[in-house]
Amino acid sequence: MSGFTLRLKAPATERMTLSGITPAKLSALSAHEIARLDVGIEKGGLALGDAFDISGSAGEVLTIEGATPELDFIGAGLDSGTIRVIGDAGSYAGRKMAGGKLEIHGNAAHFLASGSTGGMIHVRGNAGDNLGGMIPGDRFGMLGGITVVEGNIGSRAGDKMRRGVVVVRGKTGSHTGSRMIGGTIWAEGGIGPEPGLMMRRGTLIGPSVEKLLPTFVDTGKHDLVITRVISRYLKSVLGDLAPKPMPLFVQKIGGDLATIGRGEILLPAA
């Protein structure tokens, strides 16, 4: 499948923003116009062609080689096609992503998938704080789409998340699902301490929780059809990346009772 390749000419000495650098946008521009795109955050700006060697031709795939954490907003605004990142991504990767696929063959920094409404993000390493979380000026965090992280993630994942699915093969940090309004976060390695702070709705799934807030209550064992529905859906979409199904009976913990308390934490029943 054809497409452009961006290769860093030298290790980044300043932060860069790749917002809007998508396969569709590059396909609509000439080679000269692509090279002149501004990716700098300093007053003088920085041309894409000065920071990267640009090769390839228009296509549905954009590959970024030698990526480092100084590259922010990779995949921001992506609505079609695939962006493949060889290396680490900076903050705000997949910001307001609406479609397509973002593959990160390394780690991702903070606010991954913030404000996303669709598409698929796959991180082969770890992700930082506030995955799918809200940033100042937004009403909500993640609004749709699926994000899979094969490693661990930081704190406050899903802050004010409204829709969408996050699958974590490792463990979450503290306060997962804080102020959550909807959506699902499934952590196969376990949920970190004090999840669901001020959670209104939404679902957290995992094999264990490190520490619960006192405003969450155990509502007993349940045979919940929704867990099997979610499992089948994720298997159909993610294949081998899908989490293993929960057992027939799960322990349901409800909260946060400091607010309307309709959120839930689902654990294997003892």
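Buried means under 20% relative accessible area, exposed means over 50%, and partly exposed is what lies in between. Keep those cut-offs handy for the exercises below, and remember that this is a predicted model.

**Exercise 1. Is Ala113 buried or exposed, and what is its phi?**

Step 1. Find the residue: Ala113 sits in the loop between β7 and β8 (117-123).

Step 2. Apply the cut-off. Ala113 has a relative accessible area of 0%, so it counts as buried.

Step 3. Look at the backbone. Phi of Ala113 is near 65 degrees, which is a positive value in a residue other than glycine. Most residues other than glycine have a negative phi.

**Exercise 2. Find where Asn130 sits, then work out its phi and its burial.**

Step 1. Asn130 belongs to the loop between β8 and β9.

Step 2. Its phi is near 60 degrees, again a positive value in a non-glycine residue.

Step 3. With a relative accessible area of 13%, Asn130 is buried.

**Exercise 3. Which residues does Ala157 contact once its neighbours within four places in sequence are left aside?**

Step 1. Check its cover. A relative accessible area of 1% makes Ala157 buried.

Step 2. List the contacts: Asn130, Leu131, His175, Thr176, Gly177, Ser178 and Ile185. Asn130 from the previous exercise turns up here.

Step 3. Ala157 and Met142 are 15 residues apart in sequence, and their C-alpha atoms are 9.8 Å apart in space.

**Exercise 4. Which peptide bond is cis, the one between Gly255 and which residue?**

Step 1. The partner is Asp256, and omega for this bond is about 0 degrees.

Step 2. Asp256 is in the loop between β14 (250-255) and β15 (263-268).

Step 3. For context, most peptide bonds are trans.

**Exercise 5. How far apart in sequence are the parts tied together by Arg179 and Asp159, and by Glu210 and Lys171?**

Step 1. The side chains of Arg179 and Asp159 form a salt bridge at 2.7 Å, N to O. Arg179 lies in the loop between β10 (163-168) and β11 (184-187), and Asp159 in the loop between β9 (143-149) and β10, so the linked parts are 20 residues apart in sequence.

Step 2. Check the ends of that pair: Arg179 is partly exposed at 29%, while Asp159 is buried at 2% relative accessibility.

Step 3. Glu210 and Lys171 form a salt bridge at 2.9 Å, N to O. Glu210 lies in the loop between β12 (203-205) and β13 (217-222) and Lys171 in the loop between β10 and β11, so this pair ties together parts 39 residues apart in sequence. Lys171 is partly exposed at 32% relative accessibility.

**Exercise 6. How many residues does the largest nonpolar core have, and what does Ile74 touch?**

Step 1. The largest nonpolar core has 53 residues. Ile74 is one of those with the most contacts inside it, as are Phe52 and Leu102.

Step 2. Leaving aside neighbours within four places in sequence, Ile74 is in contact with Leu18, Ile64, Ile83, Val85, Ala89, Tyr92, Ala93, Gly94 and Leu102.

Step 3. Another core, of 16 residues, lies apart from the largest one; Val165, Leu224, Ile230 and Ala242 are among its members.

**Exercise 7. Which residues make the nonpolar surface patch of about 240 Å²?**

Step 1. The patch is made by Val225, Ile226 and Val229.

Step 2. Val229 is in helix α4 (residues 225-238), and at 37% relative accessibility it counts as partly exposed.

Definitions and conventions. Residues numbered from 1 in each chain as written. Predicted model: local features only at pLDDT ≥ 70, side-chain atom pairs only at ≥ 80, totals over all residues. Heavy atoms only, no water. Patch = residues over 30% accessible without salt bridge, like charges linked within 9 Å, V, L, I, M, F, W, Y side chains within 5 Å. Areas by Shrake-Rupley, 256 points an atom, 1.4 Å probe, with all protein chains shown as cover. Salt bridge = Lys/Arg side-chain N within 4 Å of Asp/Glu carboxyl O. Helix = DSSP H or I, 4+ residues; strand = E, 2+ residues; numbered from the N terminus. Buried < 20%, exposed > 50% of the residue type's maximum accessible area, 1.4 Å probe, protein only. Contact = heavy atoms within 4.5 Å. Core = buried A, V, L, I, M, F, W, Y, C linked by side-chain atoms within 4.5 Å.
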